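User: I am new to reading protein models. Can we go through this one step by step?

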Amino acid sequence: MVLSRDGKVYLLVVAVTVSAASVSAVGYLARPAFPGWWPVATFLFVATLLEGVNTRLRIAARGSTSFVMHLAAALLFGGFWAAAIAGASTLLGEMVRSNTPLKATFNVSQRILSVSLAVMVYKAAGGQLPPAYLSVSESLSSDAVQRDLGLFFLFAIVYFLVNTVAVSCAVALSSDRAFREVWNLNTRGVLGYDLGASAIALLVAWLYHRFDNWLGFGSIGLIGVVVPIVAVRHVYGLYHQLQDSGQELLQVMVKAIEARDPYTSGHSVRVSKLSRTIAVELGLPAREVEQIETAALLHDVGKIYEEFAPLLRKEGRLTPEETALMQTHSTKSAELVGIISKFKGFVQDSVRHHHERWDGEGYPSGLGGRSIPLGSRIILISDTIDAMTTDRPYRKRLSLEIVISELQKCKGTQFDPDLVEVAVSSVSLRRLIVGVGQDLELANPGPTRSKRVSWPSTTIWKTGRI
């Protein structure tokens, strides 16, 4: 029996919930003494506060800094009580956001599972709770302190791996995307940053322990770290908002250019999505994926020049002279892209050479083979796919089978043969192509407009990442 998308999501939620309940039961049997209502209430309050300060990730998920309090609680109170604090703070956050019971169950369960498994691995590797470095009598040079400091990062790695794998699976299943694509865009580029930020949990635990020894009330020590954490989170959020605003402005500009040609409306956005999917399938680093996505979005901006307007509006094929003029658009596009300093280099070169052919018969420079920038080779395939799957004045859109056949026919001449194999074997790309066709059929009574690819609006899956 083949499960539906919703069925797979439900199955994942059940698996994560059962796993969380199982490890919680094991943790309960080996739980340390109850730390007291004030410590638990303080950590719960701060973790809940940080739950409300979150940032949208690239694909259908959000991140918060509450993980700092979860990790610190585990170091001080042990896995069972830390998991209880993590689960309770996440549940309160879910209630405030009025999330559905299914999503709330998943988010609470994956947090409990992440903390519990991380503590189990830490203790199995020989880690001590509370760690030796919290003891006043231990020096930093002692073997016990160095052991527990080293194992802390193993603890953090396990926490983030469980957390991000669970969330990436949920997002991939609910949005019909490949797990690798979700992982690359949401996690891969910032995992090192998250591990570095997890060291703040060491400071939280140390301050709490010191104030507890000095004043008998460790919760006062949390005041010294709450404000910096919230401030850093706010700056990080502003950075992401600026990135998103910049991308949205680029899309507005591109759409304004494409408004001249009713048959290619939305073309650059679709090429950008196709290019990103191929780049992800290749396993490229997150930064390179983003650069290729941006280059694909901007590959036709040179068409804003007035000399291209009559050609874009012309119904029918272009004359040889008009074709020669149109071929200058890639150079003009690269010149415009190069005005933005951060686009010089990889992005600009990818735009300039996106009409080069594998056999060297393309333009503007007649490059061939691997001398063509990788971004350009990817954009050429994506550009061709979108051209074949949208209506043109001289023909209707082609089926997926014909598109694949044409790509296979032209590999080694027009296209990089390795990239063609990646493209035609990609399930994600096939879904994207089919999705484009369905959207166009629904939104296109005539060749005057086209909709962007529409993914499910699942933006509530919660991740404990910054």
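User: Which residues in α3 meet α6, and which do they meet there?

Analyst: This is a predicted model, where local features need pLDDT of at least 70, side-chain atom pairs count only at pLDDT 80 or more, and totals for chains, interfaces and linings use all residues. Residues are numbered from 1 along each chain as its sequence is written, and side-chain values use heavy atoms, leaving out hydrogens and water. Contact means heavy atoms within 4.5 Å. By that rule, Phe67, His70, Leu71, Ala74 and Leu75 in α3 meet Phe152, Phe155, Tyr159 and Phe160 in α6.

User: How do the residues of this contact divide into nonpolar, polar and charged?

Analyst: Ala, Val, Leu, Ile, Met, Phe, Trp, Tyr, Cys and Pro count as nonpolar. Asp, Glu, Lys and Arg count as charged, and the others, Gly among them, as polar. The contact of α3 with α6 divides into 8 nonpolar, 1 polar and no charged.

User: What kind of ring pair do Phe43 and Phe77 form?

Analyst: Rings of Phe, Tyr and Trp (its six-membered ring) pair if their centres lie within 6.5 Å. Planes under 30 degrees apart count as stacked, over 60 as edge-to-face and the rest as tilted. Here the centres are 5.2 Å apart and the planes at 80°, so the pair is edge-to-face.

User: Is Phe43 buried or exposed?

Analyst: Buried means under 20% relative accessible area, exposed over 50%, partly exposed in between (1.4 Å probe, protein chains only). Phe43 has 0% relative accessibility, so Phe43 counts as buried.

User: Which residues do ring pairs link into a cluster?

Analyst: The ring rule gives 12 aromatic pairs. Ring pairs link into a cluster Tyr28, Phe34, Trp37, Phe80 and Trp81.

Note on methods. Helices (H or I, at least four residues) and strands (E, at least two) are DSSP runs, numbered from the N terminus.
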